[in-house]
Amino acid sequence: TQTTRPQRLLAAVQKNATRGDPRSVVKAIDQFCRQKEWAMNVGDEKGCILDSVVTEVNPATVLELGTYCAYSTVRIASLLPPHAKLITLEFNPHNAAIARQVIAWAGLGDKIQLVEGASGDWIPKMKEKFAIETFDLVFLDHWKDRYLPDTKLMEECGLLRKGSILLADNVICPGTPDYLEYIRNSPRYKSQYFRSHLEYTKVEDGLEKSVFLG
Ligand SMILES: O=C(NCCCCCn1ccc2cnccc21)c1cc(-c2ccc(F)cc2)cc(O)c1O
Ligand SMILES: [Mg+2]
């Protein structure tokens, strides 16, 4: 029977990456997506911007919305300090199953908690279920029409503190116009656009980094 793209991506990781070496997992996925099949990972170009933000924030608590095959999950977790925790949310059970295996191959299982479900259902339960006060960093990479409602939901649920950083993928392509409009005009955020390209292409895309001012 026909394999899926996430299954082929996992096979490329298991073939070309070294167990326990997160950077080799990232490299193997980028090579697969450049040489074999495009996939919607944040990719190597935007990934460097992601790395610099993670390193600068040095977060103890991270929320990722949109795991897919755990490319950015592994990329972020490989830069976290020892006792930091990353919670990543994936809606699609098949993708979640692949992501778990990529995370295991990278040897990052003790830093990452993968949760299956929808952001609108899980965000209100984060505090009680995961003993989380607030998130130091949120990486938004899920349904593009959920970036705005979920940001408002995180505000309402008290999951953001003065200084929390939101980093949003795909604000140009596919685009998140309502999110950009809100976050760039709200007095409660200070935003900065990092211009880049859609993963593995020459199409314009970028990351929007926003600091919650409280
Ligand atoms: O759609 C994208 N990502 C989202 C995938 C679905 C997320 C589902 N999901 C996960 C957690 C979760 C929690 N709650 C609710 C839903 C949830 C995406 C698309 C493109 C893209 C595609 C084609 C094209 F021609 C150009 C660009 C590029 C990207 O980088 C992307 O990220
Ligand atoms: Mg994306």
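Q: How far does a polar side-chain atom of Asp 141 lie from an oxygen atom of ligand 1?
A: A polar contact is a pair of N or O atoms within 3.5 Å; within protein, one must be able to donate a hydrogen and the other to accept it, and residues adjacent in sequence count only if both atoms are side-chain atoms. In this predicted model, a polar side-chain atom of Asp 141 is 2.8 Å from an oxygen atom of ligand 1. For Lys 144, an N or O atom of the side chain is 2.9 Å from an oxygen atom of the ligand. For Asn 170, the distance from a polar side-chain atom to an oxygen atom of ligand 1 is 2.7 Å. The protein buries 78% of the 690 Å² that ligand 1 exposes when taken alone; such areas come from the Shrake-Rupley method with a 1.4 Å probe, and for residues only the protein chains shown count as cover.

Q: Which residues around ligand 1 come nearest?
A: A residue is near a molecule or strand if one of its heavy atoms lies within 4 Å of it. There are 19 residues around ligand 1, of which Ser 119, Asp 141, Lys 144, Asn 170 and Glu 199 come nearest.

Q: How are numbering and confidence to be read in this predicted model?
A: Residues are numbered from 1 along each chain as its sequence is written, while chains are lettered from A and ligands numbered from 1 in the order in which they are written. Local features need pLDDT of at least 70, side-chain atom pairs count only at pLDDT 80 or more, totals for chains, interfaces and linings use all residues, and side-chain values use heavy atoms, with hydrogens and water left out. The predictor's confidence in each residue is its pLDDT, on a scale from 0 to 100. Here the protein chain has a mean pLDDT of 98, and 100% of its residues reach 70 or more. The model scores are ipTM 0.99 and pTM 0.99.

Q: Which residues are the protein donors of the magnesium ion (ligand 2)?
A: Donors are N, O and S atoms within 2.8 Å of the metal (3.2 Å for Na, K and Ca); water is not among the atoms, so sites may look incomplete. The magnesium ion has Asp 141 (OD), Asp 169 (OD) and Asn 170 (OD1) as its protein donors, at 2.0 to 2.2 Å. Their spacing in sequence is D-x27-D-N. Because Asp 141 lies in the loop between β4 (137–140) and α8 (147–156), and Asn 170 in the loop between β5 (165–168) and α9 (171–175), the pair ties together parts that are 29 residues apart in sequence. Helices (H or I, at least four residues) and strands (E, at least two) are DSSP runs, numbered from the N terminus.

Q: Are Asp 141 and Asn 170 buried or exposed?
A: Buried means under 20% relative accessible area, exposed over 50%, and partly exposed in between (1.4 Å probe, protein chains only). Asp 141 is buried at 13%, and Asn 170 is buried at 4%.

Q: How many salt bridges does a search of the whole structure find?
A: Side chains of opposite charge can pair when their charged atoms come close. A salt bridge is a side-chain nitrogen of Lys or Arg within 4 Å of a carboxyl oxygen of Asp or Glu. The search finds 16 of them. One of them joins Arg 75 and Asp 51, with N to O at 2.8 Å. This pair links helix α4 (residues 71–77), which holds Arg 75, to helix α3 (residues 43–57), which holds Asp 51, 24 residues apart. Both Arg 75 and Asp 51 are buried.

Q: Where do Asp 136 and Arg 161 lie?
A: Asp 136 is in the loop between α7 (126–130) and β4, and Arg 161 is in the loop between α8 and β5, 25 residues apart. Their side chains form a salt bridge at 2.9 Å, N to O. Asp 136 is buried at 12%, whereas Arg 161 is partly exposed at 33%.

Q: What is the value of omega for the peptide bond that joins Cys 173 and Pro 174?
A: Omega is about 5°, and the bond is cis. Pro 174 lies in helix α9.
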